Structures are given as C-alpha cells and as structure tokens.
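I opened my notebook to look at a sheet and some aromatic rings today. Have the model beside you as you read.

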Amino acid sequence: MKKITSLLIALIMVFSLATAVQAQEVDTTANKAISVSLNGEVVQFGDNEPLLEKGTTLVPARQIFETLGYTVSWDKENNAVQAEKYGLSVALQIGNLTAYVNGIETELTSAPKVYNNTTYVPLRFISEAIGFDVEWQGATRSVLLTKEKSKGYFWKVEKDGVEVHLLGSIHMGDAKMYPLRDEIEEAFDSSDHLVVEVNIAAGPDEQTVKEIQALQLYSDGTTLKDHVSAETYARVQSFLEALELPTNTYDIFKPWAVQLDMVNFVAASSGYQGGLGIDMYYLNRAQLANKPILELESYSSQLNIFDSYSKELQEQQVNEVLDGIFGTGDATTATEPSIDDLAGLWIQGDDAGLEELVASMQESPEIYEKLLENRHAGMLEKIEGYLSNEQKESYFVVAGYLHMLGEDGLITQLKNKGYKVTRI
C-alpha cells in the first residue's frame, strides 16, 4: 500500500457575488405542518414555517443555522447570507443557484429567496454541506436530520494527578468529521493548554517565511527539469496544462514542494480544507477561549523533513500524486488510500485500520524513519514534560494520527514507559 505522507494545509477562498434581491411569491397552501427534526428534536421556526417548493424544502436561514450552532451574518451589499462555525463557512446569495462551502462552489436545486421579509434556503443543501443525513418522510411531512458524532483517536495519559489528553489529528478535513464526541470536547474545555504540531493559525513570521522559501526553491541556477527525469517533468507539465497554468510554473521549486502543492490541489478538489482540519478546529476554539497554545514542532522543522528526502524519493512521490490524478495505466498497480479513506479511519476511530496503515509505511524505510520514527523522540520529550509539570496543569495535545499507534507510536511508547494510558 502506498501512502499519503504530506502535511495538508489549504487556503479558504472568499465568497463574493452580486445579484439583485429577488423576493418571490411562494405558494404556501401545500406547505402546512412541515416539521424538521435534528437528531430527534424538532426545530422551532416560530412564525416562519418551512416551505415546500417543487420538491425542495426551504427553511429560514437564520433559525436553521443558529440551531446548528453557527454564527450568521447578512451581507447587505451582495444580498448574501453567510454562516460560520470553527472554520466551516457556508455562503448563499438570494436568487443565485451557486452556493459556497469554504469557497468551493456547489450548485443548488432551488435558489435562496425572500418570503415575508425572511431569507429562505434549501434545507438539504445546508444539511449535507455540514455533514448531516437527510430523510424526507412524506406520510408525516417531516424532514429528519441525523448525524453520528465522529469517534476519532483519543487517549488520556496520567501521572501523579496530571492529565494529558492526546488526540490523533487529520490535518485537512470536511464537514463529515464534525461534530466531535462530547468526551473530546469536554476534555478540551477543561484543559489549561492546547498543544499542536505547529500553530498554523498564527502563520509563519517574516524570518520563517524566508527560511521556507530557501528550502523550497533552487538557488544554484538549476530548475526542476534538471532534478527529475524527462518523463516526470513532462507529466508535471501535463498537470499544469490541465489547470491552464504556464508549464514552467513549478520550475523554480524542488520536487517535494511540487508534490505538496499537488496534494493540496487533490485534497481541495475532493472537498477537504485545511480550515476544517482537526488542528485548525481546536486552534480556532483556543483563540476564542484565550487558551494558551504551544507547539511540538515548527514550520521549518517539518519542511526540513521533506527537504531531507533523497532525490529518488522526492521524484517517486511526485509520480505517486500524478498517478492518482491521471492513473497509471496498470490495473494491477496498488494505489494509495484516498483522502476519503484516511478521513474515514478517523471518523470511525478504527485502531486496527490505523495500525495497518502505519505498518504499511515501513515498506518505505526512509519515509517511516524521517516522517514518523525520528520525530517521536522530540514529541515524547515535550509530552513527558507536560506530565511532570509542578502546577498540575492539564494539556490537550493534537498531533497527526499516524504518530499515535504502531510499534514506535507515541501511545505505545508512553505505555512502555509505565504511564497510565486510557483509550477514550
């Protein structure tokens, strides 16, 4: 099994459209007594009841979003409603059949509209955009919204009355991963510190930006085509042509930087966003709660790992991403797990599946050693320091789930050192 081994960080596009407000007449004679239930609890809409129009259930935007815990705002200039919650953003415009979920376009079956001075939006779109299952029961004229909470990978480590919680993260996510289990949320709420691999919410400072650029770019006068085969370079050019970009766009970048950028493209094309990753979710929450944020690593230390890969491995990983985009032409070739597969492991909290994935990485000793094994010593040292703090403060640690299990995983090593470790 091949692996996706890149740090997945993507940007969220900004929604901005402009069309005129279209207050439309709606026939409500057939829309009596439509009810909407959220995990078994009926949603109260007050005087603004749901409408059924051409088979599409429309609901008041503010009531449905606020019931789901979102902050709602009205963009008067663009006649658009926007809702946000911990990194997930949804934007719809009156009269427009295109909506945006974290900047990604989605076509609607029915455009948002104004009725009785209230903005109505398609319920199915809202529900599916944030990961709910939707069921229409015609006999009772009811819409049922249901969703199980993600299990994730979560442990509590204890020493002399001090607790450190470890949450295995996936760096890029989508709405299906939320909400999280109460046990995870409560542990975060009660913790004194949030610890992440890198505080990506803060962004790199000016010096770090220069260091990153120095790592990513060639400075010796050579270009990408001098460091990969002619075949690989041609495939990279084909990728750029497909995006209608100049074929020399990647020339100044090293292969590992090209691979990371292409992985980000593939992930974003599949609907996954860095803003919905577990790391960013808790970074946003920590900032809102003024909770101190600590780091296990740094931008530079992580990117130095990729820069240290051998020339052969860097080119191999570029081709693996391209194989996923264009195919290999060989039906017998093993393919890497999809991003949906990796997210599915996290949603189900599948320990056996994670163990298998980590074990498969040992088939590439260079990746396993540099991406996982060598990093664990530094992470473990900091975690043990948190467990030994004299103030008895608690820490909530979020790190990639590949670091947790396996013979060299953090959880395995903490158990071997004699700490009390409980899977939650």
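My entries on the sheet and the rings follow.

I worked on a predicted model, where local features need pLDDT of at least 70, side-chain atom pairs count only at pLDDT 80 or more, and totals for chains, interfaces and linings use all residues. Residues are numbered from 1 along each chain as its sequence is written, and side-chain values use heavy atoms, with hydrogens and water left out.

**Sheet.** I looked up an open sheet of five strands, ordered β5-β6-β7-β8-β9 with antiparallel pairing. Strands here are DSSP runs (E, at least two residues), numbered from the N terminus, and two of them pair if DSSP finds at least two bridges between them. β5 (71-75) and β9 (104-107) are at the edges with a single partner strand each, so one side of each has no neighbour in the sheet. I then checked β6 (residues 80-85) and β7 (residues 88-93), and six bridges join them. E84 is opposite S89 in β7.

**Rings.** How many aromatic pairs are there? I got 15, counting Phe, Tyr and Trp (its six-membered ring) when ring centres lie within 6.5 Å; planes under 30 degrees apart are stacked, over 60 edge-to-face, the rest tilted. Y153 and Y401 are edge-to-face, at 5.3 Å centre to centre and 65° between the planes. Y153 is in strand β14 and Y401 in the loop between β18 and α13, 248 residues apart. Y153 is buried at 0% relative accessible area (buried is under 20%, exposed over 50%, partly exposed in between, with a 1.4 Å probe and protein chains only). Y401 is buried too, at 5%.

Conventions
Helices (H or I, at least four residues) and strands (E, at least two) are DSSP runs, numbered from the N terminus.
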